[in-house]
Amino acid sequence: MDTTDLAQRIAAGERRALARGITLVESARADHQAQGAEVIAALPRNRQALRIGLSGTPGVGKSTFIEAFGMMLVRAGLRVAVLAVDPSSARSGGSILGDKTRMDGLSREAAAFIRPSPSRTHLGGVARRTREAVALCEGAGFDVVLIETVGVGQSETVVAQMADLFLLLLAPAGGDELQGVKRGIMEMADMILVNKADGDLKPAATRTCADYAGALRLLRKREQDPDGYPRAMMVSAMAEEGLETAWADMQALVEWRRANGFFDATRAAQARYWFEEEVREALLAQLRSADTRTAMDALGSRVAAGELTPAAAAQALIAGQAGQ
């Protein structure tokens, strides 16, 4: 494959080339991953999209919100890429990848690109190579990249390490103020959006929004936030209400962070985080080699027989690897 040609086509905005590039970086084959790295390295470095991560429990309306929000951005003249991560089966590894079917209007827009990806049981709510997919979308010239996580709980916050803004979507009457005080995903969010604030659910949404607004005031203030952030607000993806106000608040927060040096500092810290993650993954890959698996099987048999404790066997394996 001519990776230089593929990078040029991606930089020119060719959607099929972008899809091919994401397929390369998501592939489990080492040669494909190497080609994907070459493509990313050949892309323009002066393009920067606003990366927005969206998380929330299943059924909160993430896909519906993304379509309504994305359509609003497209009508404003922006190019929007959506990376939707779907959960994979723990048994078969397969995924339905149905998020794109929920965004049929946005998927037909020439200024939008939607790519569903399987999580492949990777923890944290995102896929293993979502960050590289974001870099490809930036190289393709998109203005906004929306990263939709799988339905997650309070501890899956990896998307915050690859996004400029982290939005948490909540459903009306989905919890109480105590949930907002708990550490975890709440304290990572830049904005909390109470979705489905329409019809019979609007009173419940108003109460939920007030509960979480109060909870946010109890959290320790972060240095990267101006006064009034993080904040909770109500939106309705179905009625398309509150979306423009939310977008204006997002832009205001990003501009403040750019002006005060936090935007670039956060991206630098994220780059360091992913460097360390790559080192960990490389070390884990060594454990999957044939020689190491043989040693682990032998030590595992001794542990099962009661001859060694798990800790002693692990130390013996690591010492043997270090001595090679």
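Visitor: What is the mean pLDDT of the protein, and what share of its residues reach 70 or more?
Guide: The mean is 86, and 86% of the residues reach 70 or more. pLDDT is the predictor's confidence in each residue, from 0 to 100. This is a predicted model: local features need pLDDT of at least 70, side-chain atom pairs count only at 80 or more, and totals for chains, interfaces and linings use all residues. Residues are numbered from 1 along each chain as its sequence is written, and side-chain values use heavy atoms, without hydrogens and water.

Visitor: Where is confidence lowest, and where highest?
Guide: Helix α8 (residues 177–181) is lowest, at a mean of 52. Helix α11 (residues 243–259) is highest, at 97. Where pLDDT is low, the predicted coordinates should not be read in detail. Helices (H or I, at least four residues) and strands (E, at least two) are DSSP runs, numbered from the N terminus.

Visitor: What makes arginine 51 and glutamate 138 a salt bridge?
Guide: Their closest N and O atoms are 3.0 Å apart. The definition asks for a side-chain nitrogen of Lys or Arg within 4 Å of a carboxyl oxygen of Asp or Glu. The pair therefore qualifies. Arginine 51 lies in strand β1 (residues 50–56) and glutamate 138 in helix α7, so the bridge ties together parts 87 residues apart in sequence.

Visitor: Which residues are linked with Arg51 in a network of salt bridges?
Guide: Glu138, Asp164 and Arg267 are linked with Arg51. The whole structure has 19 salt bridges.

Visitor: What makes arginine 293 and aspartate 297 a salt bridge?
Guide: Their N to O distance is 4.0 Å. Both residues lie in helix α13 (residues 290–304), four residues apart, about one turn of the helix. Arginine 293 has 39% relative accessible area, so it is partly exposed. Aspartate 297, at 46%, is partly exposed.

Visitor: How do arginine 302 and glutamate 307 class by accessibility?
Guide: Arginine 302 is at 40%, so it is partly exposed. Glutamate 307 is at 54%, so it is exposed. The two form a salt bridge at 3.3 Å.

Visitor: Which residues lie nearest the centre of the largest pocket?
Guide: Ile40, Arg45, Arg51, Ala135 and Glu138 do, out of 18 lining residues. α7 gives the most to the lining, with six residues. α3 (30–42), α7 (130–139) and α12 each supply at least two.

Visitor: What makes phenylalanine 275 exposed?
Guide: Its relative accessibility is 54%, so phenylalanine 275 counts as exposed. The residue is found in helix α12 (residues 262–287).

Visitor: What is the phi of lysine 196, and of glutamate 240?
Guide: Lysine 196 is near 65°, a positive value in a residue other than glycine. Glutamate 240 has a positive phi of about 55°. Lysine 196 sits in the loop between β6 (191–194) and α10. Glutamate 240 sits in the loop between β7 and α11. Lysine 196, at 29% relative accessibility, counts as partly exposed. Glutamate 240, at 46%, is partly exposed.

Conventions. Buried means under 20% relative accessible area, exposed over 50%, partly exposed in between (1.4 Å probe, protein chains only). On a 1 Å grid over the protein atoms alone, a cavity is a set of points where a 1.4 Å probe fits but cannot get out, and a pocket is an open set with protein on both sides within 12 Å along at least five of seven lines; lining residues have an atom within 4 Å of a point.
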